[in-house]
Amino acid sequence: MHHWFDSPPGRYLLEWEQARFDAAVADVFGYQSLQLGMPSLQGLRANRMPHRWLALGEMPPQPTLAGGTPHLLAHAVALPFADNSLDLLVLPHTLELSHDPHTALREIARVLVPEGRVVISGLNPASLWGLRQMRARWGQRLGSGTLYLPDTGQFIGPWRLRDWLQLLSFEVDEVQFGCYRPAVRTQKWLQRWAWVDSVGERCWPILGAAYFMVAIKRVHGMRLLEPAWRSTRPRAAATVPVANRATASPFIDRNFE
């Protein structure tokens, strides 16, 4: 799949996703963050955590990568991190390329701290690109047809992914769709169809070729600690006794009673 991102539609998709990741992770604070897979996208470059790692399932053949050198080799289904140890996880097409996305999500939920965030991007099967890929697969069964997207992994629709996350006690905080241009192969035709992006955002927003999702790990029964000065209750002001008729001053003129 990495070679496909060097093609005109791959660069178009990569540019859209890079902007989404930059905006989503810029204000996420913590100490440790991890990007799983896809070194051509720098998912953590806008984040300011002191520890930012890139993990790949296998060492790529090229010694130099556009997104940086991987820090460790690890599969999403077996992460070498302790429970509740990472503040942020970035998954650019990681679940699509995983042989067991359910197990990968459970592993991600294990290593994330409570209130930690996971940022996911994927290809939308309910799009023009997804329809072309499906038509090409039918053509291959009949002996003809060329796939538009890489023949690796599997499509995971955003609604299906949302259900999986909710089962693992994640709260979906943000969902975006993008890349509405038709499934063409050349830069020339992609430029000619550039106007479709603005129309698609307004008229059919959920039919973009790619989706972007941010989810937060929630822990039931957990209460966030507040500073001591916030939790301290203010003292009630002392009450002042009011003189009644029995203890009234003898200097009060009784004629006014």
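## Salt bridges

In this predicted model, Asp-83, Glu-107 and Arg-110 are joined in a network of salt bridges. A search of the entire structure returns eight salt bridges. Side chains of opposite charge can pair when their charged atoms come close.

Arg-218 takes part in two of the pairings described here, one with Glu-115 and one with Glu-171. The N to O distance between the side chains of Glu-115 and Arg-218 is 2.3 Å. This pair links distant parts of the chain, since Glu-115 belongs to strand S5 and Arg-218 to the loop between S7 and helix H8 (228–231), 103 residues apart. For the salt bridge between Arg-218 and Glu-171, the closest N and O atoms are 2.7 Å apart. Here too distant parts of the chain are linked: Glu-171 is in strand S6, 47 residues apart from Arg-218 in the loop between S7 and H8. Each of the three residues is partly exposed: Glu-115 has a relative accessible area of 30%, Arg-218 has 29%, and Glu-171 has 37%.

A further salt bridge joins Asp-197 and Arg-181, with 2.9 Å between the closest N and O atoms. Asp-197 is part of helix H7 (residues 196–203) and Arg-181 is part of the loop between S6 and helix H6 (187–192), so the pair ties together parts 16 residues apart in sequence. Both Asp-197 and Arg-181 are buried.

## Overall architecture

The protein chain contains eight helices and seven strands. Of its 257 residues, 43% are buried. Among contacts in the chain with a separation of 6 or more, 69% are between residues 24 or more positions apart. The accessible surface of the chain is about 15,200 Å², and carbon and sulfur atoms account for 56% of that area.

## Nonpolar cores

The largest nonpolar core comprises 31 residues, and those with the most contacts inside it are Leu-36, Leu-89, Leu-95, Val-118, Leu-161 and Leu-165. At least two residues of this core come from each of strand S1 (32–36), S4, helix H3 (101–111), strand S5 (112–123), helix H5 (158–167), strand S6 (170–178) and strand S7 (210–217). H3 gives the most to this core, with five residues. Apart from this core lies another, of 29 residues, which includes Leu-13, Phe-21, Val-25 and Leu-88.

Beyond residues up to four places away in sequence, Leu-165 touches Leu-105, Ile-120, Phe-170, Val-172, Met-213 and Ala-215.

Helix H1 (residues 8–25) has 18 residues and spans 26 Å from its first C-alpha to its last, close to the 26 Å expected at 1.5 Å a residue. H1 is mostly covered, with 13 of its 18 residues buried.

In H3, the buried residues are Pro-101, Ala-104, Leu-105, Glu-107, Ile-108, Ala-109 and Val-111. The elements that cover them include S4, helix H2 (94–97), S5, H5, S6 and S7. Glu-107, one of these buried residues, also belongs to the salt-bridge network with Asp-83 and Arg-110.

## The loop between S3 and S4

Ser-85 lies in the loop between strand S3 (72–73) and strand S4 (86–92). Its relative accessible area is 18%, and Ser-85 is therefore buried, the cut-off being under 20%. Leaving aside residues up to four places away in sequence, Ser-85 touches Gln-32, Val-111 and Val-113.

Asn-84 also lies in the loop between S3 and S4. Asn-84 is partly exposed, at 42% relative accessibility. Its phi is positive, about 55°, although Asn-84 is not a glycine. Most residues other than glycine have a negative phi.

Cys-179 is located in the loop between S6 and H6. At 3% relative accessibility, Cys-179 counts as buried.

Trp-138 is in helix H4 (residues 128–141). An α-helix has 3.6 residues a turn, so residues three or four places apart point the same way.

Conventions. Residues numbered from 1 in each chain as written. Predicted model: local features only at pLDDT ≥ 70, side-chain atom pairs only at ≥ 80, totals over all residues. Heavy atoms only, no water. Helix = DSSP H or I, 4+ residues; strand = E, 2+ residues; numbered from the N terminus. Buried < 20%, exposed > 50% of the residue type's maximum accessible area, 1.4 Å probe, protein only. Contact = heavy atoms within 4.5 Å. Core = buried A, V, L, I, M, F, W, Y, C linked by side-chain atoms within 4.5 Å. Areas by Shrake-Rupley, 256 points an atom, 1.4 Å probe, with all protein chains shown as cover. Salt bridge = Lys/Arg side-chain N within 4 Å of Asp/Glu carboxyl O. Expected span 1.5 Å × (residues − 1).
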